[in-house]
Amino acid sequence: MVARAHLDWPFFEARHAALAREARAWCESELDAVYPVEGQDAQCRALVAAMGRAGFLRHSVIATEGGAIDVRAACVLREVFAQRWGLADFAFAMQGLGTGSLTLYGTPELKERYLPNVGKGKSIAAFAISELEAG
């Protein structure tokens with residue numbers, strides 16, 4: 001039995017393999033420009049902005065018009081980014097984690113105010129948890 005590439009598995013579509021190729025090419029051409037940026041905070045901001053310009057963040061942030069995230073596409077992108085640079089995976093994942101609560105429970109006004117800029121890489125999403133009686 002011949003081992004198959006995981007993107008050939010039946011629950012992935014041709015568009016997922018194309019997205020992986022696009023992301024790999026983007027990493028090759030764009031990530032080297034971010035490496036020289038001094039400090040991880042600045043690198044993270046640069047990564048988010050570059051991912052937004054490339055259109056990748058649409059796979060981690062639900063648009064204000066509605067719709068759903070293609071989790072398979074998000075996983076493919078996270079795999080590609082993580083293989084190249086862990087901070088790239090982190091920057092991508094945090095945009096989705098940081099907007100999850102807003103997407104699920106935010107008012108239409110809040111969604112319209114914040115989600116478009118997060119999806120375009122113009123704003124950084126944040127995620128924080130506090131324990132009862134802890135802060």
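1. On how to read the model: because it is a prediction, local features are reported at pLDDT of at least 70 and side-chain atom pairs count only at pLDDT 80 or more, whereas totals for chains, interfaces and linings use all residues. Residues are numbered from 1 along each chain as its sequence is written, and side-chain values use heavy atoms, with hydrogens and water left out.

2. On the overall fold: the protein has 5 helices and 0 strands, where helices (H or I, at least four residues) and strands (E, at least two) are DSSP runs, numbered from the N terminus. Read from the N terminus on, the order of elements is α-α-α-α-α, and the C-alpha trace spans about 55 × 35 × 30 Å along its principal axes. Of the 135 residues, 38% count as buried; here buried means under 20% relative accessible area, exposed means over 50%, and partly exposed lies in between, with a 1.4 Å probe and protein chains only. Among contacts (heavy atoms within 4.5 Å) between residues at least 6 apart in sequence, 70% join residues at least 24 apart.

3. On helix H2 (40-54): its 15 residues should span 21 Å at 1.5 Å a residue, and its end C-alpha atoms are 21 Å apart, which agrees; the expected span is 1.5 Å times one less than the number of residues. The buried residues of H2 are Gln43, Cys44, Leu47, Val48, Ala49, Ala50, Met51 and Gly52, and what covers them includes helix H1 (14-34), H3, H4 and H5. After H2 comes Gly55, which has a positive phi near 90 degrees.

4. On Cys44, a residue of helix H2: its relative accessible area is 14%, so Cys44 counts as buried. Leaving out residues up to four places away in sequence, Cys44 touches Leu87, Phe90 and Ala91. Cys44 and Ala88 are 44 residues apart in sequence, yet their C-alpha atoms are 7.4 Å apart in space.

5. On helix H4 (86-105): this helix has 20 residues and reaches 30 Å from its first C-alpha to its last, close to the 28 Å expected at 1.5 Å a residue. H4 also has a kink of about 40 degrees, centred on Thr99, the bend at a residue being the angle between axes fitted to the seven residues ending there and the seven starting there. Among the buried residues of H4 are Leu87, Phe92, Gln95, Thr99 and Leu102, and the cover over its buried residues includes H2, H3 and helix H5 (108-119).

6. On the largest pocket: its volume is about 220 Å³, the volume being the space filled by probe spheres set on grid points that are joined across faces, edges and corners. On a 1 Å grid over the protein atoms alone, a cavity is a set of points where a 1.4 Å probe fits but cannot get out, while a pocket is an open set with protein on both sides within 12 Å along at least five of seven lines, and lining residues have an atom within 4 Å of a point. The lining of this pocket has 15 residues, of which Ser60, Ile69, Ala93, Gly96 and Leu97 lie nearest its centre.

7. On what lines that pocket: H3 (71-84) and H4 each supply at least two residues, and the largest share, 8 residues, comes from H4. By class the lining has 8 nonpolar, 6 polar and 1 charged residues, with Ala, Val, Leu, Ile, Met, Phe, Trp, Tyr, Cys and Pro counted as nonpolar, Asp, Glu, Lys and Arg as charged, and the others, Gly among them, as polar.

8. Apart from its neighbours within four places in sequence, Ser60 is in contact with Ile69, Phe92, Gln95, Gly96 and Thr99. Leu97, which is found in helix H4, has 45% relative accessibility and therefore counts as partly exposed.
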